[in-house]
Amino acid sequence: MSEELRVAVERKPNGAILYTKGYINNVGGEEIANRAYELMDDGVRTVLLNLRETKIVNSIGISILIEIIEKMMEKGGRIAFCCLTPVIHKTFQIMGLANYATIFPAEEEAIAELKLAG
Amino acid sequence: MTATAERQMELTLPMVSDIEIAAARAAANFAREIGMSSEKVDELAHAIIEACINAREHSGCADNRIYLRFVGTSLADGTPRLDVWVTDHGKGFDPDEARSRRPAPGMAHKRGRGLQLIEAHMDEVDISTRQGGGTTIHMVKHEWKDQ
């Protein structure tokens, strides 16, 4: 359980993967948003968020994730998630995020389904 | 069912940024010590985080403190039960009014989900609050025998 969120970006032929590590709160959510908006400005329209190393989220952080999804949808793009803990998955469903973004159990499945590898 | 053992812990935390993580960590350690499973511990941690954020963001209290009390009980069949009280000395609120503003489950909504998440992650939730008299959220997490 780390307070500070770190985000790593991996570009793929047809999009990008954001790897998060740590707590997704207001600050962590903004950090993810900054990376995602940079990618959108660069023309990326498919982004997968891999939350494998995030064990805690809060409602404020999730509200920022919903904003990212909305902005990407406005641009005709798509945000997806993978590798969620069961509790984060449940939290995403309650918050309504699961209605607007696909959630994959594993990264390999997400990459194939989203055709990120080209 | 008869309770066979009891452990208690009390914390007073300042209302500073990310203090909810300290509360969640303490709760998680306590819950593990009384034998709660990791998924239950995660749910408990998320509920405590939302309760502390609500207190920090909305209580408007003068003392800038969150008071937490934990009571862990092992029931006669060995299953643990954890009672948590999260208290602030703030202005109080109307829980029914807060629930009435709640969006339907599953509908994307940016704010106002804290109480809903607490109720979803815990087995029992009871809110005591009055105008100017502070708020206490009493939450219970069980580890059912068949889980």
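Visitor: Where is A:Pro13 placed in chain A?
Guide: A:Pro13 sits in the loop between strand 1 (6–12) and strand 2 (15–21) of chain A. Strands here are DSSP runs of E with at least two residues, helices are runs of H or I with at least four, and both are numbered from the N terminus. This is a predicted model, where local features need pLDDT of at least 70, side-chain atom pairs count only at pLDDT 80 or more, and totals for chains, interfaces and linings use all residues. Residues are numbered from 1 along each chain as its sequence is written, chains are lettered from A and ligands numbered from 1 in the order in which they are written, and side-chain values use heavy atoms, with hydrogens and water left out.

Visitor: Why is A:Pro13 called exposed?
Guide: Its relative accessible area is 61%. Exposed means over 50%, buried means under 20%, and partly exposed lies in between (1.4 Å probe, protein chains only). So A:Pro13 counts as exposed.

Visitor: What does A:Pro13 touch?
Guide: Leaving aside residues up to four places away in sequence, A:Pro13 touches A:Leu116, A:Ala117 and A:Gly118. Touching, or contact, means heavy atoms within 4.5 Å. A:Pro13 and A:Ala117 are 104 residues apart along the chain, yet their C-alpha atoms are separated by 5.5 Å.

Visitor: What makes A:Thr46 buried?
Guide: A:Thr46, found in strand 3 (residues 46–53) of chain A, has a relative accessible area of 16%, so it is buried. Among the residues A:Thr46 touches are A:Asn14, A:Met72 and A:Leu116.

Visitor: How do you know that B:Thr135 is buried?
Guide: Its relative accessibility is 6%, so B:Thr135 counts as buried. B:Thr135 lies in strand 5 (residues 135–142) of chain B.

Visitor: What makes the link between the side chains of B:Thr135 and B:Thr129 a polar contact?
Guide: The separation is 2.9 Å. A polar contact is a pair of N or O atoms within 3.5 Å; within protein, one must be able to donate a hydrogen and the other to accept it, and residues adjacent in sequence count only if both atoms are side-chain atoms. B:Thr135 also touches B:Ile127, which is in strand 4 (residues 124–129) of chain B. With a relative accessible area of 15%, B:Ile127 is buried.

Visitor: Why is helix 2 of chain B called roughly antiparallel to helix 4 of chain B?
Guide: The axes of helix 2 (residues 38–58) and helix 4 (residues 114–121) of chain B cross at roughly 155° and come within 9 Å. Axes are lines fitted to C-alpha atoms, for helices over the stretch in contact, and angles run from 0 to 180 degrees between N-to-C directions. Under 35 degrees is roughly parallel, over 145 roughly antiparallel, 65 to 115 roughly perpendicular, and the rest oblique. So helix 2 of chain B is roughly antiparallel to helix 4 of chain B.

Visitor: And why is helix 3 of chain A called oblique to helix 4 of chain B?
Guide: Helix 3 (residues 86–95) of chain A and helix 4 of chain B pack at an angle of about 135°, with axes 10 Å apart. Therefore helix 3 of chain A is oblique to helix 4 of chain B. The contact includes A:Val87 and A:Lys90 of helix 3 of chain A and B:Leu117 of helix 4 of chain B.
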